[in-house]
Amino acid sequence: MNHLAQAALWSLVALPTAAGTLLATTRRAERAAAPVSLAVAAASVILAGVVAVARPAVAVPFMAGVDFALTVDGLAALLVPMLAVVTLLVLAAAAGEIRRSQARFHGLMLLFAASAALTVTAATLPTLLFAWEIMGAASYALIGFWWRDEDRVSAGLTAFVTTRSADLGLYVAAGAALAGGAGMALADLPHSSPGWRHVVAAGILAAALGKAAQLPLSFWLSRAMAGPSPVSALLHSAAMVAMGGYLLLRVQPLLAATGWAAPVTMWVGGLTALLLGAVAVAQRDIKQLLAASTAAQLGFVVMAAGAGTVAGGAAHLIAHAATKALLFLAAGAWLTALGTTQLAGLRGVVGRWRLVGWSATAGALALAGIAPLSLWATKDAVLAQVLENSPWLYAVGLAASALSAAYAGKLLVVIWRRPAAGRRGDVDRQQLQAGQVTGLQQAPLVILAVGAACAGLLALPPLGAMVARAVGQPGEFHVSVVELTGSAVLALAVLLLVARRPAPEPRWALRWLGIEAAVRVLIVRPTLRCAAALARFDDQILDRGVESVSAGTLRLAARASRADDRGLDRAVDRAAAGTRRLGQLARRPQTGQLHQYYLQAVVALLVAVVVLVVWG
């Protein structure tokens, strides 16, 4: 049985990897792409269930003293099935939305999902780095999927370069882990030597915060909205962004061991939840609103990692995955039908597509924190632990919760309010499909709506206690009825207030706090200017220097050539001629006649006698 479980764990990664590679590189698989993709995703759901129950561990040698290892512990057992189910539902919706380049799309999505599964099950830093790199590369290809559009490719490049810059922290962490002497297993990192332990924590924290789109690197998530809606649904819910939060939950003992990393993590998550919540309230595009809300909700997961509540963070991650996949797929359905994601063009859409509208309503209410839906309970499970660490940060979390209700309420008001005559947002011809929302696009929404409504049970008795035991923190959930009631009342009050009067749109937050503009001014432009200066230095100094040296070398070679021709060659020729004449002289006595040889011997003997007599 153990061997079967180990084989299932390898297959969980290898099967979508092989199928994704084949689809992405085969041009003749257009018709078979969606069925093959859905079959592989369905098989992955079964494999995820097997490994979640059996919890196997596998490893192969990678380098001296380090294995390429995968393991399914309690935390991974919670996240792997969620990832597999969300991937299947997103691919099902994509089968009804993506009509061109299906093989390339489904292949890349399977590779993306496989890398996320490898990230969840990674037990060592080499395994994590391998998965992290593939996930980043796949995200770049998917965000810029419509590669004929330069803006979309530029958006993919921005997301890739930004997250890639933060990813360098993982390499720093790997080097520090080797130097620290504890090894490269994730479970052993807290036992590194005290000095190197801080470097390991700082490197992992930088990489995880970059992937989770936390401040100050949140702006790349806005640009990532240029990708197709199914890409946004998977990237924002169960893969890529979620993996940043997951990694911090995975290394929570390391954060706690440093003394400084846990408080920093909590405050970064809290401030992101607050400020990106304001950004979400200011948005006028549904995908931008949902993107900002993703960074804000992941802020609660990051706070959970810093506060030490792995169970609360995992529950919130799962609830958020169902909610955000639902809302992004609903936005994609409206985009294909109406050709716009502008909120002005989505007024009253519930009346036109009731299944999509009611499902999105359930997701928006969950996002607002309305009881008894999912994010209400999971968010409070996190904030209860935050309160024990810092009342000030708890207040920040409550303010962020109120903003969650505000931007979710803004979305609800738009989709339920009757449209004004002649109002319509900008049309995206790339994805407009003549008012059609297919059955494949609608069916996954119902399942996700159930998940968005019920996932909060993971943070409530008795399931909450089971989740806490699974992640190795028994007795962790202790959210009081007072806290739950207060949170529910706050969310409902904000929602009713927004329904009566539109939420104010803070203009300072409309452009994502101006972070991207600041990065361009403070980093991009100076880097480009530095590069231009170095290019001029290379052209005017280095190139001229090299050309001068090469010209001098050529002149020296010409002179050496003349010296060789006029001096050395003549000397060699004269030596050769002298040697030739000596050879001719030496040949003359060699006549072959015996009497001449005797005569030569007598002469030589007489010469020798004379020499002896004279010099003797």
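Trainee: Which element supplies the largest share of the lining of the second largest pocket?

Mentor: In this predicted model, local features need pLDDT of at least 70 and side-chain atom pairs 80 or more, while totals for chains, interfaces and linings use all residues. Residues are numbered from 1 along each chain, and side-chain values use heavy atoms, without hydrogens or water. A pocket is an open set of points on a 1 Å grid over the protein atoms alone, where a 1.4 Å probe fits, with protein on both sides within 12 Å along at least five of seven lines; lining residues have an atom within 4 Å of a point. Helices H6 (150-180) and H22 (515-587) each give at least two lining residues, and the largest share, seven residues, comes from H22.

Trainee: How many residues line the second largest pocket?

Mentor: Those closest to the centre of the pocket are Val 161, Thr 162, Phe 219, Val 519 and Val 524. By class, the lining has nine nonpolar, five polar and two charged residues. The lining residues number 16.

Trainee: How far apart are the end C-alpha atoms of helix H3?

Mentor: A helix here is a DSSP run (H or I) of at least four residues, and H3 covers residues 74-97. At 1.5 Å a residue, counted for one less than the number of residues, its 24 residues should span 34 Å. The model agrees with this, as the end atoms are apart by 35 Å.

Trainee: Is Val 498 buried or exposed?

Mentor: Val 498 lies in helix H21 (residues 481-500). Buried means under 20% relative accessible area, with a 1.4 Å probe and protein chains only, and exposed means over 50%. Because its relative accessibility is 7%, Val 498 counts as buried.

Technical notes. Ala, Val, Leu, Ile, Met, Phe, Trp, Tyr, Cys and Pro count as nonpolar, Asp, Glu, Lys and Arg as charged, and the others, Gly among them, as polar.
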